[in-house]
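Here is a short report on aromatic rings and nonpolar cores. Please look over the structure first.

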Amino acid sequence: MTTTTEARTRSGRLMLNKVPEVTIWFWVIKILCTTVGESFADWINMKLGVGLVNTAWIFTAVFVVVLAVQLRLKRYVPFPYWLTVVVVSVTGTLYTDILTDQLNVPLWISSAVFSVLLAVVFGVWWLRERTLSIHSVTTLPRESFYWLAVLVTFALGTATGDWTLELTGWSPGASVMLPLGLIAAITALWKFGANPVLSFWLAYILTRPLGANIGDWLASPKVAQPGEPTGLALGTFTTSLIFLSLILATVAYLTVTRSDVTETHEATHAAHVTGDPRKEHVALAGFGLLAVVTTGLLVWAHSQPHVGPAPETDNTSAVQMAPGVAVKKFPPAKVAALRTLASTSLKDARSGNAKGAHAAAQSLRDLWDADQASLQPLDQTGWTSIDAQMDKVLKTFGIDHSNPPMAPAQQEKELNALLTDMG
């Protein structure tokens, strides 16, 4: 899928095109970057216990640095370009996750907000430059619009992808099929004669839920609680490592061959034929029909019986165990890390540091979720017991629950109970 258009060049520093030619390699590496964005963000956030907000701050800073490097270049260079895509994929994902997990914004609202924001970016970009084609990213303003649009597409793709999972209850493996099918349909319409710029950006948005679902499918445990994702149990670190290696190998190949450099591609390939307005109108109707069919499919899937997240009251019925017994089969180092975070939260709650207590509780939740794949198989009963008390702790802080934070005395009570259970 390529994108071509004629447009005037506004004032600004003229450069060679800063975006790669849209070949099969573009889509392969884009999906690889998207998968890394999902799995690597989860690993930093949960496995290392950094926390969602802190992870977002870290990657925002990294994004500013790598984008500054990218913007200073006068032509497309594979490594800095794709490094920027990887970082922006993580950053855009984190922004949506903060809205959903921290601020409890419903996914349909996030999807609507990011859709409007993307429309605004495209509208301003078009009004100023008279083109949205990535073949004409030859000035600093156009490249700035391009990266802003990319950031919003990742956030939008995250919101719509997660909303789809919420509506349907599909597993990550099954969920891969929807964006994959939509991308195939968009490609067919582009081949028929659809507007190449519109086709490109629609497919670009859909690669986000496609790559994210692939990442979740590879990283999720084979056995999980009802409503939780299942997969191949590779873990977020292994999945990130595999896909980062594939990205590096692909970028190395493109650096050597320069096969995705626009000027090289144009010298070795025939020029793209100008579009047929009649076919573009027919294809536009096809896009509309595709949207209607997709909406109908989601409505149907939502109406079917499927397993959703377990009710909040389910965990409270877990069997009570003597102090230390529930974690007896767990690695001592992991238990110690959990106890440290619980103790920190308890200390802050007692001292009146509500913000610190909440942050420590959030990190405790993230670490517990990250360790589920390795701890649950060791002792299902013990894990369920700790998970039930963990849920009570989180509820006192309003984490993963709709209630506001409870009184510090209640937080201290549940944290003490959790520390007692962990021995």
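## A buried pair

This is a predicted model. Start with two residues, Tyr-81 and Trp-147: both are buried. Their ring centres lie 5.3 Å apart, with the planes at 50°.

## Other aromatic pairs

How many aromatic pairs are there by this rule? The count is 21.

Phe-200 and Trp-201 form an edge-to-face pair, because their planes meet at 80°, and the cut-off is over 60. The centres of these rings are 5.0 Å apart. Phe-200 is buried, and Trp-201 is buried too.

## Nonpolar cores

The largest nonpolar core has 71 residues. Which of them touch the most other members? They are Tyr-81, Trp-82, Tyr-146, Trp-201 and Tyr-204. Helix α5 (residues 140-168) gives the most to this core: eleven residues.

Leaving aside residues up to four places away in sequence, Tyr-146 touches Val-19, Tyr-81, Trp-125, Ile-134, Trp-201 and Tyr-204. Another core, of 26 residues, lies apart from the largest one. Its members include Ala-326, Ala-361, Leu-364 and Phe-397.

## Charges over rings

Tyr-204 has a charge over its ring as well. The charged end of Lys-30 sits there, 4.2 Å from the ring centre. Lys-279 lies over the face of Phe-192, with 5.7 Å to the ring centre.

Definitions and conventions
Residues are numbered from 1 along each chain as its sequence is written. This is a predicted model: local features need pLDDT of at least 70, side-chain atom pairs count only at pLDDT 80 or more; totals for chains, interfaces and linings use all residues. Side-chain values use heavy atoms; hydrogens and water are left out. A nonpolar core is a set of buried Ala, Val, Leu, Ile, Met, Phe, Trp, Tyr and Cys residues joined through side-chain atoms within 4.5 Å. Buried means under 20% relative accessible area, exposed over 50%, partly exposed in between (1.4 Å probe, protein chains only). Helices (H or I, at least four residues) and strands (E, at least two) are DSSP runs, numbered from the N terminus. Contact means heavy atoms within 4.5 Å. Rings of Phe, Tyr and Trp (its six-membered ring) pair if their centres lie within 6.5 Å; planes under 30 degrees apart count as stacked, over 60 as edge-to-face and the rest as tilted. A charge sits over a ring if NZ of Lys or CZ of Arg is within 6 Å of the ring centre and within 35 degrees of the ring normal.
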